[in-house]
Amino acid sequence: MARKNLFDQDQTVFVDQAPLWQKASQDKIDLKSNLTRNKNLKPFYFLMAGIFLIFAFYIIIVFLPKREKRVVLVEPEVDEEILEAHPLEQRINFLKEDLKAADPTRQTLAFPNINFEISFP
Amino acid sequence: MKNKKNLRPLFLISLFVLSFLFSILLLGVTLVKAEEPAVKTDLIWQKERLEEDIAKTRQNYSQSLEDYRNQERFYIIAYDQHVSLKTLASLEDLVIKTKAVSLSRDQALINYLELLKLNLYASEGVELLLKNQYLGLLEEKINGLKKHRQELEGKNSQKEVQSSLDDFVQYTDLDKISEQVLALLALSRLQRIYDLALPLKKDIDKFLDVGESSALSALLRASEETDKTLSQAQNNLNLLWEKSKRANSLESIYRNLTKELNPVYINLSQSLAYLEELMDFK
């Protein structure tokens, strides 16, 4: 008792101010009792809004179309040119690519080197 | 009553959250659907499936060829061992290794011919009669090899395996058939480019109003020059197709592929360069 009186000897706080300060802090922290009594719901709203925003952000990230990883191109200007090109120019470019693939010097399906003379000695 | 009143804010918040999440879900589904092409024709589906089949068969062929190379190495070792040792054990080992290499040789050839068949089937510039003739020939060889392989699986003695090896003689012309098909494929690729370049030239003429009397004389000259190179490509292609119908000529085309196909290739390359230049008049 004597010890409590020792702490109460704070002379920077007025006696009639102390209960008001205690009451305000209790009101903000005690959410449960506020919810059940339907009194001060502001903290609950803030909490819900925070959770909701985080969840919404997560959903948006999951459902947004995934961007393909950008491949490092040797000549990025060429691709941009193709994209911006006139449809007729695009057709020319596609045909040029096809012609490259049809180069008669390139042969990828040559007959395999197979031994036709397998036998016993 | 008091409890109901207390739950009202919670109920409203939950309702709001659920409706928002539902709208986001709907948005997500719409975005995913929007990524898909609107309409895919049967032809595109068929082409995609064919490309998948070709890729799969190519993979199978690579694996079977690798297996054949391994089996061939084991066969050569067993052969050399039997020649030097001449024991029953070395003979038994040789029979086993010979059967294994023969089986894997059949499989590698089956996969190779399947790959050729699919490529020929997918090619667009080959005359249908010629295409069907070679598709039939490849199918016949594939079925023959499958039968040969199946029969060999049931054989175990040296005599039986030897008879199977003797039967394989009928497939020694496979390299020639392969050369003929490869020549056809090379020709078809160039024919396809010509077939696509021709309507493209017409579309460019239409776009640049080449037919109009007000067209620039430089544009007219450029258009005529492009027509000329395309016409040369067509003539050279026709000559090659005519030649391909003669006996054994496809093999000779394949053996001199660069020399034979170069004129058409240069004509087409020149034509495409001219078409590109024509677009500068726009």
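Author: Start at N248(B), which sits in the loop between helix 7 and helix 8 of chain B. Helices here are DSSP runs of H or I with at least four residues, strands are runs of E with at least two, and both are numbered from the N terminus. This is a predicted model, where local features need pLDDT of at least 70, side-chain atom pairs count only at pLDDT 80 or more, and totals for chains, interfaces and linings use all residues. Residues are numbered from 1 along each chain as its sequence is written, while chains are lettered from A and ligands numbered from 1 in the order in which they are written.

Look at the backbone of N248(B). Its phi is near 60°, a positive value in a residue that is not glycine. Most residues other than glycine have a negative phi. N248(B) counts as exposed because it has 10 C-beta neighbours inside 10 Å. The cut-offs: 20 or more other C-beta atoms within 10 Å means buried, 12 or fewer means exposed, and in between is partly exposed, with C-beta atoms placed from the backbone.

K86(B) lies in the loop between helix 2 (42-85) and helix 3 (88-122) of chain B.

Now step back into helix 7 of chain B. Helix 7 covers residues 217-244, 28 residues in total. From first C-alpha to last, helix 7 of chain B reaches 41 Å, close to the expected 40 Å. That expected span is 1.5 Å times one less than the number of residues. Buried residues of this helix include S223(B), T226(B), L230(B) and L240(B). The buried residues of helix 7 pack against helix 6 (174-207), helix 8 (249-255) and helix 9 (257-278) of chain B.

Two of those partners also meet each other. The axes of helix 6 and helix 9 of chain B come within 11 Å and cross at roughly 20°. Axes are lines fitted to C-alpha atoms, for helices over the stretch in contact, and angles run from 0 to 180 degrees between N-to-C directions. So helix 6 of chain B is roughly parallel to helix 9 of chain B. Angles under 35 degrees count as roughly parallel, over 145 as roughly antiparallel, 65 to 115 as roughly perpendicular, and the rest as oblique.

Among the residues that meet are L190(B) and I193(B) of helix 6 and L261(B) and L268(B) of helix 9. Contact needs C-beta atoms, placed from the backbone, within 7 Å. This contact has 16 nonpolar residues, one polar and one charged. Nonpolar covers Ala, Val, Leu, Ile, Met, Phe, Trp, Tyr, Cys and Pro; charged covers Asp, Glu, Lys and Arg; the others, Gly among them, are polar.

Helix 6 of chain B reaches across to chain A as well. Its axis comes within 10 Å of the axis of helix 6 of chain A, and the two cross at roughly 160°. The two helices are therefore roughly antiparallel. L95(A) and L99(A) are among the residues on the chain A side, and I193(B) and L200(B) are among those on the chain B side.

The whole contact between the chains takes 34 residues from chain A and 59 from chain B. Helix 6 of chain A gives the largest share of the chain A side, eight residues.

Note on methods. Contact = placed C-beta atoms within 7 Å.
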